[in-house]
Amino acid sequence: MTETTQKHILLNAFDMNSVGHINHGLWTHPRDESHRFSELSYWTDLAKTLEAGLFDGLFIADITGVYDVYQNNIDLTLRESIQLPSHDPSTLVSAMAAVTQHLGFGITVNLSYETPYQFARRFASLDHLTQGRIGWNIVTGYLDSAERLIGQSGLKDHDLRYEQAEEFLQLCYKYWEGSWEHDAVEKDKHHRIFTNPSKVHEIHHEGRFYQSHGVFQVSPSRQRTPVLFQAGASTRGIKFATSHAECIFIGGDTPEKLRQQVIKIREQAAQQGRNPSDIKIFVGITVVTAETTQRAQQKLEEYRHYASPEAGLAHYASSVGIDLSKFADDEIIPYQKSNSIASVNEKFRAQQISKNDLKNQHVLGGRYPLIVGSGHDVAEQLIQLIDSTGIDGFNLTRTVAPESHHDFIRFVIPELQQRGRFKTAYKTGSFRQKISGYGDLLPLTHPVEQYRCSSSTSSMHSFKHKKITA
Ligand SMILES: Cc1cc2nc3c(=O)[nH]c(=O)nc-3n(C[C@H](O)[C@H](O)[C@H](O)COP(=O)(O)O)c2cc1C
């Protein structure tokens with residue numbers, strides 16, 4: 001076997017600070033506890049469970065806005081709790097960090113509605129409090145409802161959102177890595193020097209979307225820049241992701257499509273001067289598992305009884321920005337350009353699909369690939385998927401919460417470990433060190449390098465960074 005086929009599988013739990021996340025309708029299952037999502041103990045218990053199962057991270061999705069595209073209203077969204085209500089994910093991190101030592105936290109923030117300075121400050125603070133366990137899933141939004149809520153005139157053009165994201169990141173890099181030298185904080189009581197003034201520098205930024213001048217307010221945290229997650233799948237999205245992201249999420253309904261995306265991502269990363277294997281590629285999956293194959297099938301049937309494929313369709317409608325309720329169940333849905341998630345919408349161009357097809361694919365109310373079987377069956381399929389596509393790991397959705405995570409840890413993890421494909425203990429270090437093995441900081445091949453401040457002890461308090469050309 002080659003080294004590639006032996007690699008350990010990376011694993012994130014995929015969740016949201018809400019009732020319905022991906023697999024809609026399962027909140028009605030008698031054993032499901034997702035209705036407790038606003039209780040802190042729900043999250044601290046989950047964090048402890050995931051760490052006991054040696055998960056690399058808890059990845060928390062988020063949206064700004066509501067799903068109001070299906071039937072042009074939010075009635076089904078409210079009745080089925082399709083990511084509504086949903087609460088701010090970053091508020092959960094400190095509590096979960098306090099009850100764990102190793103688990104990483106990938107937190108989604110939509111940059112379109114943040115100021116770079118306030119956002120960078122919040123995440124640098126979280127990196128301090130978690131001792132280097134914070135990650136950021138960079139999203140730009142896809143909902144018109146968000147624009148109305150925030151008071152803007154309409155969703156920016158798809159590619160323009162990525163242009164803004166480029167500049168947002170450049171400015172964040174300046175704050176996180178360009179303002180404070182690594183040894184600026186001396187905490188020297190004897191000489192009355194908390195921070196050495198010669199080692200803190202103003203940053204200067206005059207761009208197309210943002211302006212900022214001054215020093216950053218947060219001292220260097222362990223990772224400085226949080227671990228960067230992204231899911232760009234359009235042409236512009238992949239360019240953005242391969243330039244900045246350390247972890248990329250991809251979707252695809254066949255292993256061959258996943259393999260092609262992996263090749264494209266690694267090629268583009270190399271073209272941008274990055275080491276292709278520095279980028280870890282994740283696929284979202286749903287798993288139903290039990291002691292035996294038969295018991296797993298029975299569990300699936302039981303779950304199906306509570307799932308809502310129609311709620312899955314409503315979620316899908318908002319993702320593509322097209323009201324799917326307007327089509328008859330068996331009518332082929334024509335491709336129409338929209339301004340939402342371009343890559344998901346492409347499905348209508350590539351395939352002849354109807355609402356019935358989509359509902360059949362949403363067996364458990366969500367669109368992620370479903371794997372059903374004993375721990376042995378699931379482990380074999382996951383390994384097969386990793387080895388045939390070149391991906392690095394999975395984002396595991398929840399079904400009945402928290403039962404499905406307990407099941408995965410009990411039945412699947414030991415099978416993966418027996419095959420040498422999953423760690424048996426955490427390594428030490430930050431989230432970045434654990435995922436990439438490179439250390440706490442982004443490598444020199446990453447674009448952040450051009451925004452880092454000199455580590456010289458020059459007394460120059462203010463220096464100009466390279467002007468951005470966004
Ligand atoms: C696994 C995964 C998780 C995602 N999570 C979120 C999220 O939490 N919030 C969000 O606004 N978009 C999320 N997205 C959507 C992406 O941000 C992005 O819009 C999408 O992948 C399409 O990229 P494209 O516009 O380049 O096609 C997610 C996508 C994937 C594949």
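Biologist: Hello! Between which two elements does the loop with H362 lie?

Modeller: This is a predicted model, where local features need pLDDT of at least 70 and side-chain atom pairs count only at pLDDT 80 or more, while totals for chains, interfaces and linings use all residues. Residues are numbered from 1 along each chain as its sequence is written, and side-chain values use heavy atoms, leaving out hydrogens and water. Helices (H or I, at least four residues) and strands (E, at least two) are DSSP runs, numbered from the N terminus. The loop that holds H362 lies between α12 (355–361) and β12 (370–374).

Biologist: Is H362 buried or exposed?

Modeller: Buried means under 20% relative accessible area, exposed over 50%, and partly exposed in between (1.4 Å probe, protein chains only). H362 has a relative accessible area of 1%, so it counts as buried.

Biologist: Which residues does H362 touch?

Modeller: Contact means heavy atoms within 4.5 Å. Leaving aside residues up to four places away in sequence, H362 touches P309, G312, L313, Y316 and R367.

Biologist: Which members of the largest nonpolar core touch the most other members?

Modeller: A nonpolar core is a set of buried Ala, Val, Leu, Ile, Met, Phe, Trp, Tyr and Cys residues joined through side-chain atoms within 4.5 Å. The largest one has 84 residues, and those touching the most other members are L58, W136, F394 and F408.

Biologist: Why is strand β11 described as largely enclosed?

Modeller: The strand covers residues 280–290. K280, F282, G284, T286, V288 and A290 point one way, while I281, V283, I285, V287 and T289 point the other way, and all are buried. β11 is largely enclosed by the rest of the structure because its buried residues number 11 of the 11.

Biologist: Which residue in β13 is the bridge partner of V283?

Modeller: Two strands pair if DSSP finds at least two bridges between them. β11 and β13 (residues 393–397) pair in the parallel sense over four bridges. In β13, the partner of V283 is F394.

Biologist: And which residue in β12 stands opposite V287?

Modeller: β11 and β12 run parallel, joined by five bridges. Opposite V287 stands I371.

Biologist: How far apart are the end C-alpha atoms of residues 33–390?

Modeller: UniProt, in an unreviewed entry, places "domain: Luciferase-like" at residues 33–390. Its positions follow the numbering used here, feature names are shortened, and annotations may be inferred rather than shown by experiment. Over this stretch the chain is 41% helix and 16% strand, and the distance between the end C-alpha atoms is 35 Å.
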